[in-house]
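This report goes through one protein chain for a reader who has not seen it before.

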Amino acid sequence: WKGRLLSIRCQRLQGEFQTARTELKRYQGEWPSTLEERVLAEMAWVDLSAGEADIALERIREWKQSHGYLSGELLLTNLQILGDLWRAAWERKRELLAEELLKQIRAETENAQRTVGGIWAWRASVFYEQMQESTLYGPEIAEKVRQAKSSYQQRDFKDARLAYQEAAEIAAQQDQLEIAAEMYFTAGSISLHERDYETARKFFRESVDRFPETKRAAECHLMWTWCLGKSYEQSPTRSHREDYTSALDEHFEMFAGRSTVADAHLMYGQFQENRLQVTKAITHYLAVSSTHSRATEADRSVLRCYQTVLKRLDEQHKSTDAWREEAIQRLNERIAVYPQQASKLSLRHCEVLLGLAQLRLAQTELDSSAIDALLNRVIEACSLRSQSGENDSAWKKQTLAAYRLKIVALAQTGRTREAEALLSRVANAGTKPLLELLDGLSAAAE
């Protein structure tokens, strides 16, 4: 009997729907009870394949009414029938019906989780996710996206890119430009994953040129620019340099006011810093808004560049006062938006605060209250991390740096007893913490 049922399934899959239906009816009443549900599912699939989804749905409903339940296979079959009806409603632009069918699909999926569980519940969840994609993109594009995801999971990146590109073309034909841009962005990102910068660059630039008004346009342009930067890194020729800087300048012009401009300034700053054009780099880093998500990255870069300038001037035996004052002023402006609660300070915040404290310690006239405020914030933040059980080596390093600067600050402002007391507290914690603190103390005082 299982062989007969399998033969009927093969007929259906070959498009011989009438033959399959005839064979199913031929053995009606003779099928073993253990195969009843599978036979019903096959009958429903024949109806569905023949374009008779309403009949298939009615078969499932009648079974549920008479038996009071649906097995996992029947639940999934029912979902797929509802999905076919949803597609028909979507294609006919019957939005209310499509919405109602999607609600039924969701309810049946939740029912599968409660009543059958296991592999059938998982397959039902996968189907519902696919339906959500179909709702988002439309059935035709969603199918291409599924193909792309499947190829990607099998590490067939070439086919994945091709499927996303085909999805983009379908979206463009349907005037769904945001989706088209999204598909191109994804195809380019896959190429980046493969380190195929040339192919990635083509995808990103084509998206910008074809869909310049989409939300993804700025990101695609930025990634195109980044790929040009990678080409310059790999082959630092004049033409590659000019291509890269021209692309960055174009980004500032085309996408002024977009958040990606800050990313472009960080890229330009790093480029100038690598070419030892530190003062130009500072200009770009400072152009990143202090409220941007990458602001602390820019702040650390500003600090690093000013430290480089001061080191060069010192090596040339030139005055560093003016540059130091400028650095302190700029960084004071930047840290004004840092969290006041020590528990919310990040490692990067603390690095900048420590760097600013060190700059202040080198001033001719020391502002002990400003230095103490900076160091105390860092010490409190490090202490809270330690109390919470976070013993990351980076935070430990930060804690030692803060205590070293604190001791130096106390000594330089004539508070030697407080410096000695702080050393004693560390010594009481053990020999190792004391040695770690003393190691590098002289460097902190410089």
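## Overall make-up

The chain has 23 helices and zero strands. Helices (H or I, at least four residues) and strands (E, at least two) are DSSP runs, numbered from the N terminus. The model is predicted, so local features need pLDDT of at least 70 and side-chain atom pairs count only at pLDDT 80 or more, while totals for chains, interfaces and linings use all residues. Residues are numbered from 1 along each chain as its sequence is written, and side-chain values use heavy atoms, with hydrogens and water left out.

Of the chain's 446 residues, 44% count as buried. Buried means under 20% relative accessible area, exposed means over 50%, and partly exposed lies in between (1.4 Å probe, protein chains only). The chain exposes about 24200 Å², of which carbon and sulfur atoms supply 47%. Accessible areas come from the Shrake-Rupley method with a 1.4 Å probe; for residues, only the protein chains shown count as cover. Contact means heavy atoms within 4.5 Å. Among contacts between residues at least 6 apart in sequence, 58% join residues at least 24 apart.

## Helix 3 and helix 5

Helix 3 (residues 36-49) and helix 5 (residues 72-91) have axes that come within 10 Å and cross at roughly 10 degrees. Axes are lines fitted to C-alpha atoms, for helices over the stretch in contact, and angles run from 0 to 180 degrees between N-to-C directions. The two helices, helix 3 and helix 5, are therefore roughly parallel to each other. Angles under 35 degrees count as roughly parallel, over 145 as roughly antiparallel, 65 to 115 as roughly perpendicular and the rest as oblique.

On the side of helix 3, the contact is made by Glu37, Arg38, Leu40, Ala41, Ala44, Trp45 and Leu48. Helix 5 contributes Glu73, Leu74, Thr77, Gln80, Ile81 and Asp84. An α-helix has 3.6 residues a turn, so residues three or four places apart point the same way.

## Helix 8

Helix 8 (residues 139-153) has 15 residues and reaches 21 Å from its first C-alpha to its last, close to the 21 Å expected at 1.5 Å a residue. The expected span is 1.5 Å times one less than the number of residues in the helix. Its buried residues are Pro139, Ile141, Ala142, Lys144, Val145, Ala148 and Ser151. What covers them includes helix 5, helix 7 (118-137), helix 9 (157-173) and helix 10. Helix 8 is followed by arginine 155, whose phi is positive, near 60 degrees.

## Around helix 11

Arginine 195 lies in the loop between helix 10 (177-193) and helix 11. Its phi is near 60 degrees, a positive value in a residue other than glycine. At 63% relative accessibility, arginine 195 counts as exposed.

Arginine 205 is within helix 11 (residues 197-210). This arginine 205 is buried, with a relative accessible area of 19%. Not counting residues up to four places away in sequence, arginine 205 touches His221, Trp224 and Glu250.

## Threonine 214

Threonine 214 sits in the loop between helix 11 and helix 12 (217-234). With a relative accessible area of 5%, threonine 214 is buried. Leaving aside neighbours within four places in sequence, it is in contact with Leu177, Glu178, Ala181 and Arg258. Its side chain also reaches the backbone oxygen of phenylalanine 211 at 2.8 Å. A polar contact is a pair of N or O atoms within 3.5 Å; within protein, one must be able to donate a hydrogen and the other to accept it, and residues adjacent in sequence count only if both atoms are side-chain atoms.

Arginine 241 belongs to helix 13 (residues 238-254) and is partly exposed at 25% relative accessibility. It touches Tyr232, Phe271 and Arg275, not counting residues up to four places away in sequence. Arginine 241 and phenylalanine 271 are 30 residues apart in sequence and 9.5 Å apart in space, C-alpha to C-alpha.

In helix 14 (residues 260-274), 15 residues, 13 of the 15 are buried, so the helix is largely enclosed by the rest of the structure. Leucine 276 lies in the loop between helix 14 and helix 15 (278-286). It has a positive phi of about 65 degrees although it is not a glycine, and at 57% relative accessibility it counts as exposed.
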